Amino acid sequence: MDSVRVVQQRTRRRCRLLRRLNWGMAVGIVVATAAMIAGSPALAVGEGAGDWVKIWGFAAAALSTAVGALGAAYAVGHVGAAALGAIGERPEIAGRALIFVGLAEGIAIYGLIVSIMILGRLG
């Protein structure tokens, strides 16, 4: 009975660590994206509507990256916690459990692809 409690405590600690790492990475991506946009020389506001289109385009690219990263962090945190719990009970399903974590991480890649497409249209 004690070994089960030890495994459960380790699993809970790993889940908390995984959630913190994912949220930390998501916040880092949001901050880096905001810094890149704030330092962009293309955002210098001048005369004409073209400048506002670029401003809103860069904002949309940043928002798609940020929302994708935050959504992926949330999904990976919950799916990773469930996967670690399942692996703690049945170690033979580790491969299948990690597939679901990878699928949840795909959300961030989709947000990044959308932002690259937006930036390509602004070019």
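Is Ile113 buried, partly exposed or exposed? Ile113 is partly exposed, at 41% relative accessible area. Here buried means under 20%, exposed over 50%, and partly exposed in between, with a 1.4 Å probe and protein chains only.

A word on the model. It is predicted, so local features need pLDDT of at least 70, side-chain atom pairs count only at pLDDT 80 or more, and totals for chains, interfaces and linings use all residues. Residues are numbered from 1 along each chain as its sequence is written, and side-chain values use heavy atoms, without hydrogens and water.

Now the overall picture. The chain has 3 helices and 0 strands. Helices are DSSP runs of H or I, at least four residues; strands are E, at least two; both are numbered from the N terminus. Of the 123 residues, 27% are buried.

Next, the core. The largest nonpolar core holds 6 residues: Ala75, Val76, Ala83, Ala97, Val101 and Ala104. Helix 2 (49-89) and helix 3 (94-122) each give two or more residues to this core. Such a core is a set of buried Ala, Val, Leu, Ile, Met, Phe, Trp, Tyr and Cys residues joined through side-chain atoms within 4.5 Å. Take Val101. Beyond its neighbours within four places in sequence, Val101 contacts Val76, Val79, Gly80 and Ala83. Contact means heavy atoms within 4.5 Å.

On to Ser64. This residue sits in helix 2. Ser64 counts as buried because its relative accessibility is 16%. Leaving out residues up to four places away in sequence, Ser64 touches Gly111, Val114 and Ser115.

Last, back to Ile113. Ile113 lies in helix 3.
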